[in-house]
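Morning, everyone. Please bring up the model.

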Amino acid sequence: MEFGIVPSILSADFTRLGDQVREAEGAGAQRIQVDVMDGHFVPNITMGPMIVEAVRRSTSLPVEAHLMISNPEQYIVDFAEAGADVIIVHQEASPHLHRLIQQIKASGKMAGVALNPSTPVLLLEDILSLLDMALVMTVNPGFGGQQFIPEMLPKIKQLRTMLEQRDLHCDIEVDGGIQEAVVPLVVQAGAKLLVAGSAVYNQHESVVEAITRLRNAL
Ligand code: DX5
């Protein structure tokens, strides 16, 4: 079963961010994710378009901007111009999701929608055909280093079934608490892209050792 590792730079050493991104690219990462938090949609404040732009200049890999912010429609152009290839918004953050996806696509970028753990996948049903990616949060968003929520496994399977029944080729991504033991569970459930923060950027091993271990975890 094919899958890709998407390091989240939230856990990276920001004193040498460019090197940390290049190490991940060298180790076979599929994309790089930038976690944008506004202290309102989630109880944490992290980074904005400037960091997306810096990551953009550090790698040739696709860059995802995961917007855990309120009023995402106000910032799509900023993240597109900063160089994000995929812009991910939360279903819970926008009452006009169909229009927001159109806006992302009009900016020439791939569109992804993320669901918090308590949000059912059925809420994506009417826009699924427009998406390039659907992100199932496997922790409550806002912080790295949290425990994986196993109750999300049936949700991933349900989303995969919805896509297969409609013959849609939208990638399923999972994010939060992804560690070596969790990789086979989420991949067998249908995930193709696995976001990993603390499992990639930590004090125990190098980025190359960490990504190699995750990629060999099946
Ligand atoms: C949490 C973020 C995740 C986080 C993952 O809200 O969306 O991307 O950085 O970190 P780990 O892999 O440590 O759970």
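Start with the backbone at G177. One of its polar backbone atoms sits 2.8 Å from an oxygen atom of the ligand. Bear in mind that this is a predicted model. Taken alone, the ligand exposes 380 Å², and the protein buries 100% of that. Where does the ligand sit? In the largest cavity.

Now the side chains. S198 puts a side-chain N or O atom 2.5 Å from a ligand oxygen. For Q33, a polar side-chain atom lies 3.5 Å from an oxygen atom of the ligand.

Next, the shell. There are 20 residues around the ligand. Which of them come nearest? G142, G145, D175, G197 and S198. By class, the shell has 8 nonpolar, 10 polar and 2 charged residues.

Which strands each supply at least two shell residues? They are β2, residues 32-37, β3, residues 63-68, and β8, residues 193-196. The largest share comes from β2, with 3 residues.

Last stop, N202. This residue is in the loop between β8 and α7, the latter spanning 207-215. Is N202 buried or exposed? N202 has a relative accessible area of 19%, and the cut-off for buried is under 20%, so N202 counts as buried. Look at its side chain. A polar atom there lies 3.0 Å from the backbone oxygen of S198. The backbone oxygen of A199 is 3.3 Å from a polar atom of the N202 side chain.

Conventions:
Residues numbered from 1 in each chain as written. Predicted model: local features only at pLDDT ≥ 70, side-chain atom pairs only at ≥ 80, totals over all residues. Heavy atoms only, no water. Near = heavy atom within 4 Å. Polar contact = N/O pair within 3.5 Å; in protein donor to acceptor, adjacent residues only side chain to side chain. Areas by Shrake-Rupley, 256 points an atom, 1.4 Å probe, with all protein chains shown as cover. 1 Å grid on protein atoms, 1.4 Å probe; cavity = no way out; pocket = protein on both sides within 12 Å on 5 of 7 lines; lining within 4 Å. Sits in = over half its atoms within 2 Å of the grid points. Helix = DSSP H or I, 4+ residues; strand = E, 2+ residues; numbered from the N terminus. Nonpolar A, V, L, I, M, F, W, Y, C, P; charged D, E, K, R; others polar. Buried < 20%, exposed > 50% of the residue type's maximum accessible area, 1.4 Å probe, protein only.
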